[in-house]
Amino acid sequence: MGERRQRYSEEFKRQTVKFAQEQKQKKTMRDIAQELDIPLSCLHQWMTQYREFDNEPLASEERIRKLEQQLRDQERQLREKDRKLADTQEELAIVKKAVHIFSKPRP
């Protein structure tokens, strides 16, 4: 005869998902499923159903460094664009003054 299917309570599923989220940086989903003796497909299904982002670990240090570098690059580009804009505005003011001076009718 076939095996009897294991039934898991809602509380067990939620606790399992919380545990998996806490261990995600250290272990693979397969390792967690083996450790808890549950099918990997069940764990994936429960993660989809019960996942709470409050339980997610903080981003890795490498990811934070990448984002900080990206932020510095974008700030540098923004400062450069601001400087170019200021230069262009100054050039425009000079041209306006020149047009005003040379467009006056001569007596």
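Colleague: How many residues apart are Arg-83 and Asp-87 in helix α4, and what does that spacing correspond to?

Modeller: In this predicted model, Arg-83 and Asp-87 are four residues apart in helix α4, which means that about one helical turn separates them. Their side chains meet in a salt bridge, at 4.0 Å from N to O.

Colleague: Are Arg-83 and Asp-87 buried, exposed or partly exposed?

Modeller: Buried requires a relative accessible area under 20%, and exposed one over 50%. Arg-83 has 48% and is therefore partly exposed; Asp-87, with 36%, is likewise partly exposed.

Colleague: Which side chain meets that of Lys-84 in a salt bridge?

Modeller: The partner of Lys-84 is Glu-80, with an N to O distance of 3.7 Å. Both residues belong to helix α4, which spans residues 61-102, and they lie four residues apart, about one turn of the helix. Lys-84 is partly exposed at 47% relative accessible area, and Glu-80 is partly exposed at 34%.

Colleague: Where do Lys-13 and Glu-10 lie, and how many residues apart are they?

Modeller: Lys-13 and Glu-10 are both found in helix α1, residues 10-23, three residues apart, again about one turn of the helix. The salt bridge between their side chains has an N to O distance of 4.0 Å.

Colleague: How many salt bridges does the structure hold?

Modeller: The structure holds four salt bridges, including the one between Lys-13 and Glu-10.

Key:
Residues numbered from 1 in each chain as written. Predicted model: local features only at pLDDT ≥ 70, side-chain atom pairs only at ≥ 80, totals over all residues. Heavy atoms only, no water. Helix = DSSP H or I, 4+ residues; strand = E, 2+ residues; numbered from the N terminus. Buried < 20%, exposed > 50% of the residue type's maximum accessible area, 1.4 Å probe, protein only.
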